[in-house]
Amino acid sequence: MLMGHRTWIFENNPVILSTGTVGGPFEAEGLLAEDFDLLHSDLWLEQDSYEKAHKVLIEEASQRAIEKAGLQKEQIQFFLGGDLINQITPTSFACRTLGTPYLGLFGACSTSMEGLALGAYLVNTKGAKYLLTGASSHNTAVEKQFRYPTEYGGQKPPTAQWTVTGAGVALLGQSGEGPRVTSATIGRVIDMGMTDPFNMGGAMAPAAVDTIEAHLTERNLDPSYYDLIVTGDLGQIGHEVSLDLFKKHGTPINEKQYQDCGMMIYREGQPVLAGASGPACSATVVYGHLLNRMKKGEFKRILVAATGALLSPLSFQQNETIPCIAHAVSIEYGGE
């Protein structure tokens, strides 16, 4: 099952039986609106705080995934997930409602694939028959915690990104119809000494490259094995940096084959600067848009490398640099 130093091969091919994706009003105006199960018209979701609204996003995405699989929540053994807010309280409070055994994860914006990797490991070894895994974020809750409240109206540099409001959840099972999780490569913490919290893409790019190259090396694969290699939320800046690094290392990745979730979700003209970010970025794009394209036959094999910046407001205030990580998961659907 272990191949090389940090890659798992899932011989039993856990299946993604269903997914649930929920977004906010800004996502409803984006390019991928049709790939969401539910879109909200305002950021409050009839709650009295953004953090409580964030919790609702997770509850709704989870319920959609359970309903689409034709299951009851009592049949779900575990929920693996997380978010960006202090002590991942939105996810923890959502699991208070769901009532499923819960493993809270913090990988920042890499949480979606961290959860999918660990969830696939559990299902592959028959540690669970059914489980949910997902990630979420809420734009205004994140802005308030990591930057400035939106009411402040602070200006941002062109390297900044727009945090996605949404939640993406996958329901994994031991058997059934759907895309299959075939392998995962766990990331290392990479810190290139960057300190600018408004340039997350540039900070995370080396971690994405490190994990993708480790995956290809340990599985002895040419990049062309995958129809698509997609990063989580590098945005335009990080995407360009990672392409430069691949070229420098001699890794033959085709630019058309290599894309980024943070550059897919919004339309040209939406004020997102360098692109989208947040744990919900890769979670909603993968569990909505990309899996829909796989089911249509457009892709047979994809590799998703979700990227995360492991900083906190406290570490930034203490002048720490920004450590980053990326976890990669391969998903396959259809015949050879």
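Ala108 lies in the loop between β6 and α4, where helices (H or I, at least four residues) and strands (E, at least two) are DSSP runs numbered from the N terminus. Ala108 has a positive phi of about 55 degrees although it is not a glycine. At 1% relative accessibility, Ala108 counts as buried (buried is under 20% relative accessible area, exposed over 50%, partly exposed in between, with a 1.4 Å probe and protein chains only). The model is predicted: local features need pLDDT of at least 70 and side-chain atom pairs count only at pLDDT 80 or more, while totals for chains, interfaces and linings use all residues. Residues are numbered from 1 along each chain as its sequence is written, and side-chain values use heavy atoms, with hydrogens and water left out.

**Loop residues**

- Glu46 also has a positive phi, of about 65 degrees, and is not a glycine.
- Glu46 is placed in the loop between β4 (38–39) and α2, and its relative accessibility of 81% counts as exposed.
- Thr100 lies in the loop between α3 and β6 and is buried, with a relative accessible area of 9%.
- Leaving aside neighbours within four places in sequence, Thr100 is in contact with Lys73, Ile76, Phe79 and Cys95 (contact means heavy atoms within 4.5 Å).
- Lys300 lies in the loop between α8 (279–295) and β14 (301–309), and at 36% relative accessibility Lys300 counts as partly exposed.
- The C-alpha atoms of Lys300 and Leu84 are separated by 32 Å, and the two residues are 216 residues apart along the chain.

**Aromatic pairs**

- The structure holds eight aromatic pairs; rings of Phe, Tyr and Trp (its six-membered ring) pair if their centres lie within 6.5 Å, and planes under 30 degrees apart count as stacked, over 60 as edge-to-face and the rest as tilted.
- One of these pairs is Phe26 and Trp162, with ring centres 4.3 Å apart and planes at 25 degrees, so the pair is stacked.
- Phe26 belongs to helix α1 (residues 25–28) and Trp162 to strand β8 (residues 162–163), so the pair ties together parts that are 136 residues apart in sequence.
- Phe26 is buried at a relative accessible area of 16%, whereas Trp162 is partly exposed at 23%.
- Phe79 and Tyr102 have ring centres 6.4 Å apart and planes at 50 degrees, so this pair is tilted.
- Phe79 lies in strand β5 (residues 78–82) and Tyr102 in strand β6 (residues 102–104), so the pair ties together parts that are 23 residues apart in sequence.
- Phe79 is buried, with a relative accessible area of 1%, and Tyr102 is partly exposed, with 27%.
- Trp8, Phe10 and Tyr121 are linked into a cluster by ring pairs.

**Charges over rings**

- The charged end of Arg96 sits over the ring of Phe93, 4.6 Å from its centre (a charge sits over a ring if NZ of Lys or CZ of Arg is within 6 Å of the ring centre and within 35 degrees of the ring normal).
- The charged end of Arg301 sits over the ring of Tyr225, 4.1 Å from its centre.

**Helix packing**

- The axes of helix α2 (residues 50–68) and helix α3 (residues 89–98) come within 8 Å and cross at roughly 50 degrees; axes are lines fitted to C-alpha atoms, for helices over the stretch in contact, and angles run from 0 to 180 degrees between N-to-C directions.
- That makes α2 oblique to α3 (angles under 35 degrees count as roughly parallel, over 145 as roughly antiparallel, 65 to 115 as roughly perpendicular and the rest as oblique).
- α2 passes α3 in a right-handed crossing; a crossing is left-handed if the near helix is turned anticlockwise from the far one by less than a right angle, and right-handed if clockwise.
- The α2 side of the contact includes Glu51, His54 and Ile58, and the α3 side includes Pro90, Phe93 and Leu98.
- Helix α6 (residues 200–218) and helix α7 (residues 235–249) pack at an angle of about 40 degrees with their axes 8 Å apart, which makes α6 oblique to α7.
- The crossing of α6 and α7 is right-handed.
- Among the residues that meet there are Gly201, Ala205 and Val209 in α6 and Ile237, Val241 and Leu245 in α7.
- Helix α4 (residues 111–124) and α8 pack at an angle of about 60 degrees with their axes 7 Å apart, and are therefore oblique to each other.
- In α4, Ser112, Met113 and Leu116 meet Pro279, Ser282, Ala283, Val286 and Tyr287 in α8.
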